[in-house]
Amino acid sequence: MILIADGGSTKTEWCVAENGKQAQRIITKGMNPYFQSEEEISGEIQSALLPELQTATFDAVYFYGAGCLPEKIPIVQRALGKHLPAETIAVNSDMLAAARGLSGRKPGIVCILGTGSNSCFYDGEKVAGNVSPLGFILGDEGSGAVLGKLLVGDLLKNQLPAGLKEKFLKQFDLTPGMIIERVYRQPFPNRFLASLSPFLAQNIDIPEIRALTLNAFKAFLNRNVKQYDYQQYKVHFVGSVAYYYKEILEEAIRDCGMQLGNIMQAPMEGLVLYHFIAE
């Protein structure tokens, strides 16, 4: 029996797998060692995960997560080890989770479009090339956080059709001052901005909204994916943004001359299969 975690900035999906099948699924808050301490991650495991598990004893624990850079991996390993004793505790990036979940053991270009964005060239075994996403301030093109940032910026600077700003502020019960407070003075502004991005999907028939979304995806493809051998390999996508904006993403891919592979909301099903075969 193994435990697999797919950790993002907003939520973490845990899957207990036995004999290649999902036996239990649990959702907790996001766990990102780039922004959170070992104590915070450990506390979330103890308070939110352990009470839901039917057992805390596993043959192996595989944690894939946003912010799991080489220097941050020990933070997550220690937090897991405190509560989930297992012979194997492996921590890897969410990028490798996407690659293994979507491409298995075949090479391809794999992209994440969720709260944040990322991309890589996967050679069938490991992440062999990666353009740094740089986070939502400097990069993260096409992500929920950047879509939210672009939306709010255009609304507050009156760049979108009349009435949309008032509709937006009423729907989310916000004022311009509250938005500034949440973005500049409170923790996790990326999560806050990403939570506003569904407004785009709800109003996607408005030409200006559709253009904003399409251009955000083209920016992701032009600034990231075009640095890989996109003419030879298909481009795969995983994440809530990729999944819910599938039609516009497909249009952006066509416009950029790329070959579309799989688009999935989450990589867990593929990860379970990957580790079952690997075992």
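**Close-up views of a predicted model**

**View 1. Residue classes around the second largest pocket.** By class, 9 nonpolar, 1 polar and 1 charged residues make up the lining of the second largest pocket. The model is a predicted one. The space in this pocket comes to about 250 Å³. Rolling a probe the size of a water molecule over the atoms shows where such empty space is left.

**View 2. Residues and helices that line the second largest pocket.** The lining consists of Phe136, Ile137, Lys149, Val152, Gly153, Leu156, Ile179, Ile180, Val183, Tyr184 and Leu193. At least two lining residues come from each of helix H4 (135–138), helix H5 (144–156) and helix H7 (176–184).

**View 3. The open sheet of 5 strands.** The strands follow the order E3-E2-E1-E4-E5, and their pairing is mixed. Strand E3 (21–29) and strand E5 (86–93) are at the edges and have a single partner strand each, so one side of each has no neighbour in the sheet. On average, neighbouring strands of this sheet are turned by 15 degrees against each other, direction ignored.

**View 4. Strands E2 and E3 with helix H1.** Strand E2 (residues 11–18) and E3 run antiparallel and are joined by 8 bridges. Lys11 has Lys29 in E3 as its bridge partner. Helix H1 (residues 38–49) packs on the sheet and touches E2 and E3. The direction of H1 makes about 120 degrees with that of E3.

View 5. Helix H2 (residues 73–83) lies across E2, strand E4 (58–65) and E5. Relative to E5, helix H2 runs at about 145 degrees.

Conventions: Residues numbered from 1 in each chain as written. Predicted model: local features only at pLDDT ≥ 70, side-chain atom pairs only at ≥ 80, totals over all residues. Heavy atoms only, no water. 1 Å grid on protein atoms, 1.4 Å probe; cavity = no way out; pocket = protein on both sides within 12 Å on 5 of 7 lines; lining within 4 Å. Points joined across faces, edges and corners; volume = space filled by probe spheres on them. Helix = DSSP H or I, 4+ residues; strand = E, 2+ residues; numbered from the N terminus. Nonpolar A, V, L, I, M, F, W, Y, C, P; charged D, E, K, R; others polar. Pairing = 2+ DSSP bridges. Axes fitted to C-alpha atoms, helices over the stretch in contact; angles between N-to-C directions. Contact = heavy atoms within 4.5 Å.
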